[in-house]
Amino acid sequence: MYKLNEFEELEATFINKRTKLIIEPIIRLIKKLEEREIVDEELAEKFGELLEGLKEFENADKKQRKAALYKNSEIIAYSRKQYELVAKGTLQNESMGLFMCIGLALGAAFSARNTALLGVGLPIGLAIGLAVGADKEKKAEEKGLLY
């Protein structure tokens, strides 16, 4: 339904590693959808459009590449919104970014007394964010929501 074989064949034809990085998460997502027996016509249509865009991706101009990448992002967002499926590393990256911002604010608060402490909050936020994100990913994997 989601054209897994065609995506795998297309991946084998790609030479550029950056291009392969685009298609690998899509293949994992399709496998997860089939594993969970999710049938969605709208998503299947989006996969078909993405497949057409990726067939000419390496030789395409900037506008066509941008359209294919937009369709890729659209599929990922749709699968996350509808089925709560997320790619590995996504939850950890989001938590890390959030807690780094909080750590930066914490460092700014420390720097009110001593400006040498301005950079202290960032690594603290990074460490907390990595720990929280790893925990979120572990829970999501137990629920079968990671691909």
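# Close-up views of a predicted helical model

**View 1. Contact between helices H2 and H3.** Helix H2 and helix H3, the latter covering residues 41–55, pack at an angle of about 155 degrees, and their axes lie 13 Å apart. Because angles over 145 degrees count as roughly antiparallel, H2 is described as roughly antiparallel to H3. The two helices, H2 and H3, cross in a left-handed manner.

**View 2. Contact between helices H2 and H4.** Helix H2, which spans residues 17–35, also packs against helix H4, which spans residues 62–83, and here the angle is about 30 degrees while the axes are 11 Å apart. Since an angle under 35 degrees counts as roughly parallel, H2 and H4 are roughly parallel to each other. The crossing in which H2 passes H4 is left-handed. On the H2 side the contact is made by Ile22, Ile26, Leu29 and Leu33, and on the H4 side by Leu69, Asn72, Ile75, Ser79 and Tyr83. Taken by class, this contact of H2 with H4 has 7 nonpolar and 2 polar residues, and no charged ones.

View 3. The structure holds 9 salt bridges, and one of them joins Lys31 to Glu8, with the closest N and O atoms 3.7 Å apart. Lys31 belongs to helix H2 and Glu8 to helix H1 (residues 4–13), and the pair, 23 residues apart, links distant parts of the chain. Lys31 counts as partly exposed because its relative accessibility is 44%, and Glu8, at 29% relative accessibility, likewise counts as partly exposed.

View 4. The side chains of Lys71 and Glu49 form a salt bridge in which N and O are 2.6 Å apart. This pair, too, links distant parts of the chain, with Lys71 in helix H4 and Glu49 in helix H3, 22 residues apart. Lys71 has a relative accessible area of 15% and is therefore buried, whereas Glu49, with a relative accessible area of 36%, is partly exposed. Both residues take part in a network of salt bridges that links Glu42, Lys46, Glu49, Lys71 and Glu74.

View 5. With a relative accessibility of 32%, Arg80 counts as partly exposed, and Glu94 counts as partly exposed at 40%.

View 6. Leaving aside residues up to four places away in sequence, Lys32 touches Leu85, Gly144, Leu146 and Tyr147.

**View 7. Two loop residues with positive phi.** Glu37 is not a glycine, yet its phi is positive, at about 55 degrees. Glu37 is placed in the loop between H2 and H3, and it counts as exposed because its relative accessibility is 69%. Glu84, a residue other than glycine, also has a positive phi, near 60 degrees. The loop between H4 and H5 is where Glu84 lies, and Glu84 is exposed, with a relative accessible area of 52%.

**View 8. Ala127 in helix H6.** Ala127 is found in helix H6, which covers residues 121–143, and it counts as partly exposed because its relative accessibility is 47%. Between Ala127 and Leu54 there are 37 Å in space, from C-alpha to C-alpha, and the two are 73 residues apart in sequence.

Terms used
Residues numbered from 1 in each chain as written. Predicted model: local features only at pLDDT ≥ 70, side-chain atom pairs only at ≥ 80, totals over all residues. Heavy atoms only, no water. Axes fitted to C-alpha atoms, helices over the stretch in contact; angles between N-to-C directions. Helix = DSSP H or I, 4+ residues; strand = E, 2+ residues; numbered from the N terminus. Parallel < 35°, antiparallel > 145°, perpendicular 65-115°, else oblique. Left-handed = near helix turned anticlockwise from the far one by under 90°. Contact = heavy atoms within 4.5 Å. Nonpolar A, V, L, I, M, F, W, Y, C, P; charged D, E, K, R; others polar. Salt bridge = Lys/Arg side-chain N within 4 Å of Asp/Glu carboxyl O. Buried < 20%, exposed > 50% of the residue type's maximum accessible area, 1.4 Å probe, protein only.
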